[in-house]
Amino acid sequence: MTELVNPEYVHLAPLLRNPERLVAAGRLIHSGRNRLYAFTTGDGTALCIKQYRVPNLLNRLVYRYLRPPKGLRAWRNSDALRRAGFLSPENVAYIQEDSPLGIGRNWYISRWQDGATIYRWGALPLRTLAPQLDALAHCAARMHEAGLLLTDFTPGNILLTTGGFCFVDTNRMHRGRIDIACGLRSMRGLWLQPEAAERLALAYAEARGAHDPQQWAARFLCWRKRFWQRRIHRKHLPLEIVHTDIDGTQYRFNLQTTIQ
Amino acid sequence: MKHYLLFASHSYAFSILRPLQEEIRRRGDEAAWWLEYSCPDLLRPDERRLSNLREVRAFAPLAVIAPGNWVYPFFPGVKVEVFHGYPMRKRIEAVDDHFTLRGWWDIYCTQGPSSTPVFNRLADSNGWFAVYETGWCKVDSFRLAAPEPERKRPCILYAPTFSRGISSVWEMPDTLERLARTMPWDWIVTFHPLITDPQLIRRYEELARRCPNVRFSRINEGIKTFRQTDLLLCDSSSLIVEYLMTGKPVVTLRNTHPGPYLLDVQTPEEIGPAISTALARPQQLMTEIERYTSFHEVHHDGRNSARVLDAIDDFIQHKQASMRRKPLNLWRKAQMLVRYLKSRK
């Protein structure tokens, strides 16, 4: 068993070391490849528990001996973001089942972060979104200049909170020198109408000090179009995709104009 | 409440770990002790001792803090090395064994410029431990506000090391007796815990019986002993730098790495005059002492123990998840298991 408990939450350690109990008593809020639970402790600490799927045998060995598992990477990346001055839920614990045949189940536990995802942006016009797009572009530019690139930069992983944008599900992140192209490509999966996407790219390129922001915006639209065309083809997506948020709200994103 | 396990394998661990225990208690956390069979039980009534693995697991320490060269890898918690001395290069080797990596530690709490750069380089190339320049916990106790008790005559501490070939302990009894009888000085003789030769111990005990101005004690109580004396007579021991921290001079007999901060002599006959010179505290010697101690111990604010505890928190929050795997070390781990099982018998 590998355990990592944030010293700030050591008073919860007996509970955290038993994630099965947490999960059994918690509220399931997402069930897919991985499972997400919410749990509030007796002292009122709201936690978010992500239970990762047990990988196949090869990956169990890889994660045991060669590469850090996803939960551990989520801890590391979330910490890197927070230290660089960005919002991300505070790490609370990471628990991993170990055996000589590789890792077993693993749980990443963080503080619960209130906030709304930005799925709704897919249906909003530019005039409503412009200030928020500029803010997100500036935030992303700062993050990339700090050498941090969230490769899962999707609407479900960006929460709008009172303090600004908060980044969750951080297990996929690249560190190093991030150029403008790389930074813009990472934002292709956001749900935005073409004019909003153009505005985001313009603001991002300007924030990164590009000489030709218009060209970067045109390139971004092109990359984005290809990204969604491929996605529709590979995943057999309809032209209007729907996401149901954890509070039950449904958000729609019409891809018609994006792929034209 | 955070739990910390203080791991003592020799009696010197108490003076190193107690300032840490004080800081742990001051923060409202809890410390418990693990004493190896090689360590005498000098615990006070208010100190808690754990005596088997089950108790350690139940205690669930956040960190196991040890000043020795090893710790049981199967104990839970982050393993923290706080060292039992400074890198003194007491043997004439290319690499000081102070810097030997044994694969036990997650954190090395270094003391100053004499150790931090070397450990930083090792951390960069190995990647499985972190280095924090916290200063040495033991030095916290040197910052006692109370003035030293007044002495009518100068008192000299003789504290030889244990290593054969370096230690002066076998050739000193006669010189010590001569000086005790002829010079107006009091003496305190303390032994390294690893000097266990019964004949030698008896010889010094008899010397102390014959000379009323000589007091022999097996255990050096660190600052408590230092504060009773005006000068240290030694050979090559890491105790020298600790003593120099108190701002008092040291006379050495054939030190392996002498420097201008010591009055080093080559024969026992030269010891008496050297002590007389050192007791006068010449300005140049005192300046060199100041320079030398700052090289070994960077912090002089009495917060070294606090920095060790902060380093543990910082390591868990920010570094532990990014560390490389520690060396597999199967042979050493097996040795540790055997040692543990033996000690439980």
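User: Starting in β4(B), what's the bridge partner of I65(B)?
Analyst: V80(B) is the partner of I65(B) there. Keep in mind that this is a predicted model.

User: OK. How many bridges link β3(B) and β4(B), and in which sense do they pair?
Analyst: There are 4 bridges between β3(B) and strand β4 (residues 78–81) of chain B, and the pairing is parallel.

User: And which residue of β3(B) is the bridge partner of L6(B)?
Analyst: I65(B) again: L6(B) has it as its bridge partner in β3(B). Strand β1 (residues 3–8) of chain B runs parallel to β3(B), with 3 bridges joining them.

User: Are the side-chain positions in β3(B) buried or exposed?
Analyst: Buried, on both faces of the strand, residues 63–66. A63(B) and I65(B) sit on one side, V64(B) and A66(B) on the other. In general, side chains in a regular strand alternate between the two sheet faces.

User: Switching topic: what are the domains of chain B?
Analyst: The assignment gives domain 1 as 3–141 + 300–344 and domain 2 as 155–296. Their centres, taken over C-alpha atoms, are 28 Å apart.

User: How many residues are in contact between those two domains?
Analyst: 18 residues of domain 1 of chain B touch 18 residues of domain 2 of chain B. On the domain 1 side, α1 (12–26) and α4 (137–140) of chain B are the elements that give two or more residues.

Methods. Residues numbered from 1 in each chain as written. Chains lettered and ligands numbered in written order. Predicted model: local features only at pLDDT ≥ 70, side-chain atom pairs only at ≥ 80, totals over all residues. Domains from an automatic or database assignment. Contact = placed C-beta atoms within 7 Å. Buried ≥ 20, exposed ≤ 12 C-beta atoms within 10 Å, placed from the backbone. Pairing = 2+ DSSP bridges.
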